Amino acid sequence: MTNIKLQRDYGCWLNYDLIDDAGLRNKYLTQLQSISVTGKGFIQDSIKEELKRGLEGLLGNNVEIVQDDKTEVSILVAKNHGDIKQIKEEGFQISSTMEESHRRIVITAKDDRGLLYGCFAFLRLLELGVELDEINLIDNPKNRLRMINHWDNMDGSIERGYAGNSIFYDQYELVDDLDRIKDYARLLASIGINSVVVNNVNVHEKESQLIGDKLSITQTLAEIFHQYGISVFLSINYASPMEFGDLETADPLDPSVQDWWNKKVEQIYAKIPDLGGFLVKADSENRPGPFTYGRNHAHGANMLGRALKPFKGVLIWRCFVYNCHQDWRDLKTDRARAAYDHFKPLDGQFDDNVILQIKNGPMDFQVREPVSPLLGGLERTNQVLELQITQEYTGQQKHLCYLVPQWKEILNFDTFAQGPGSTVAKIIEGKLVPQEYSGIAAVVNVGNDRNWTGHTLAQANLYGYGRLAWDPELSAEQITEEWVVRTFGRERETMESITKILLTSWEVYENYTTPLGIGWMCNPNHHYGPSVEGYEYSKWGTYHRADHFGIGVDRTVKNGTGYTGQYHPENASRYESMESCPEELLLFFHRVPYTYLLKSGKTLIQHIYDTHFLGVEQVEQYLAVWSSLQDKINEQTYLHILGRLEGQLEDAKEWRDVINSYFYRISRIDDALHRKIY
């Protein structure tokens, strides 16, 4: 093991620190002496290794691995043990039974993945201090597909990566440190992730070789992830038959293109029989796709899906498709409309092993967006929700911005697709729309920094995503408290302070950055720091259209781009009216005068001033709270997070002053509290 693995933050929530409650620890010690894992295979080996590591870390005592399921065994891990009628695919049951005056924990499932998830869940319960005789848990994943998307490039860089370089690739080869990849697979499996895309959706020529000359790299990665029940997917370049094949076209209806893909997929599965399938970004941001040949996205996706189907592979097709050469003077073309306009007419035309991957909002992972109307708009198509864990527009892991509360709002959003209660969570669980495949995917935030995520507190976003992917009904509070206890321990002040900081940080970040759903206002290309007009006259369709009268984009049916009409009537009418529109999204849907009175009684311009001053004050409060925990936190971790918060404070002041000064200068309306605005 390398020195990096000896660093505390490397272990994330799997450090398995000694339980500091001596009474509870001793009780566990007397009852948890031996482990039996029945069956053979890579996953069973991982279970034995994890249970031994976890129990010995938590209890401070050696735990024996035995080879049978005799009554005296403290923990029995076995498939199909007892009454399993309520257990579903990848689900598990943990039960505590008394047998001849001996308490035994039984972890059972119908499949190997379920056993693995059950073992990780059992260790989590111990860390949270559960009484063994009270354990009787049946837990089934709500979502079939629980996926992580990597945007790693083979040169070792990561597009929108804020935690160092790739843990997979270095200079177009596989990294030397395969142990770290295994540790990463452990982290993902511990939160129930079952699929991972190992390369960037913007597939460069070198990345295309992962299905060609570099296929052995993919094979090695698949073998490592297989030990933890995780299927590997590959992002592919739609134009691969031309890029490193010998064809002159990538037309999906051309028999030679179909034949090329059929042979390529057969070659890949001969080496990697458990490959999950492909992820494709096509006809978007200058990526090639079927539009080149006058075909639609169903033509392109189905062609690839049919090549994968004999091997039980699936094709995931991103819906991030829009005109990226927009004229800023065109007031009718609206980037927000694009996904719905492209894919709603194709509903029902996709094959049953094709999945559409839909971003949570109609734009691009802003701090605040409405939920995409395509979620709830599709009625006959497999679909997964796409989130972004890596904080491209939310502070890039230099700022603390805990996204679980945002994701909860998205999952709980009622689309009214089949009447009240038609939430996004139910759609992606496959409860409302008949789907062969459904679930959730997210762009991950890890790199080769010592602590994986650049900012140690950003580990909570990865953990929270996994827990929500497993069960969207979990509360933000429960998930947050779990992560804090598993990462920092059970000391009350520490737990309460960090939990409060995390749960309020999304709102704080929003306060000092972009107001009321307008988004953007950031530096072009790298998207870090304030630049109010950075994208205002660009080709990307990300306009706020501020002038000396007001700000916002009219997306109404009556006078604007018509975007509100893409929603079901209940939401369409709510968004259409300025009075009924949720104020946190007001500027996304409407053009609003600076003198407009909000429900608070403040004018729009005063709200902008006040929230930006407030956001800075809130970060100052974070620093004070964190400083009070100095003696309760590992010194290296404490100093690292202190440095991040100090940097966040300076950046928050910059955001405050740039935004407030811009709007003061353009509106010429004074701050009612007479604070300094430049």
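## The largest pocket

Helix H3 (112-127) and strand S11 (231-236) each give at least two residues to the lining of the largest pocket. Helices (H or I, at least four residues) and strands (E, at least two) are DSSP runs, numbered from the N terminus. This is a predicted model, where local features need pLDDT of at least 70, side-chain atom pairs count only at pLDDT 80 or more, and totals for chains, interfaces and linings use all residues. Residues are numbered from 1 along each chain as its sequence is written, and side-chain values use heavy atoms, with hydrogens and water left out.

The volume of the largest pocket is about 560 Å³. Of its 22 lining residues, Arg113, Ser231, Asp274, Gly276 and Lys312 are the closest to the centre. On a 1 Å grid over the protein atoms alone, a pocket is an open set of points with protein on both sides within 12 Å along at least five of seven lines, a cavity is a set where a 1.4 Å probe fits but cannot get out, and lining residues have an atom within 4 Å of a point. Grid points are joined across faces, edges and corners, and a volume is the space filled by probe spheres set on the points. The lining of the largest pocket has 9 nonpolar, 6 polar and 7 charged residues. Here Ala, Val, Leu, Ile, Met, Phe, Trp, Tyr, Cys and Pro count as nonpolar, Asp, Glu, Lys and Arg as charged, and the others, Gly among them, as polar.

Let's look inside. A search of the whole structure turns up 7 cavities of 30 Å³ or more. The largest cavity has a volume of about 140 Å³, and of the 20 residues lining it, Tyr393, Tyr509, Cys522, His527 and Trp655 are the closest to its centre. Its lining holds 7 nonpolar, 11 polar and 2 charged residues.

The second largest cavity contains about 110 Å³ of space. It is lined by 14 residues, and Cys319, Phe320, Ala339, Gly361 and Pro362 are the closest to its centre. H10 and strand S14 (354-359) are the elements that give two or more residues to this lining, and S14 gives the most, with 3 residues. By class, 9 of the lining residues are nonpolar, 3 polar and 2 charged.

## Aromatic pairs

Now for the rings. The structure holds 32 aromatic pairs. Rings of Phe, Tyr and Trp (its six-membered ring) pair if their centres lie within 6.5 Å; planes under 30 degrees apart count as stacked, over 60 as edge-to-face and the rest as tilted. Trp328 and Tyr537 make an edge-to-face pair, 4.8 Å centre to centre with 85 degrees between the planes. Trp328 lies in the loop between strand S13 (314-318) and helix H10 (338-343), and Tyr537 in the loop between helix H15 (492-512) and strand S17 (550-551), so this pair ties together parts that are 209 residues apart in sequence.

Another edge-to-face pair joins Tyr563 and Tyr567, at 5.4 Å centre to centre and 90 degrees between the planes. Tyr563 and Tyr567 are both buried (buried means under 20% relative accessible area, exposed over 50%, partly exposed in between, with a 1.4 Å probe and protein chains only). Trp328, at 30% relative accessibility, counts as partly exposed. Elsewhere, ring pairs link Tyr10, Phe168, Tyr169, Tyr184, Phe225 and Trp452 into a cluster.
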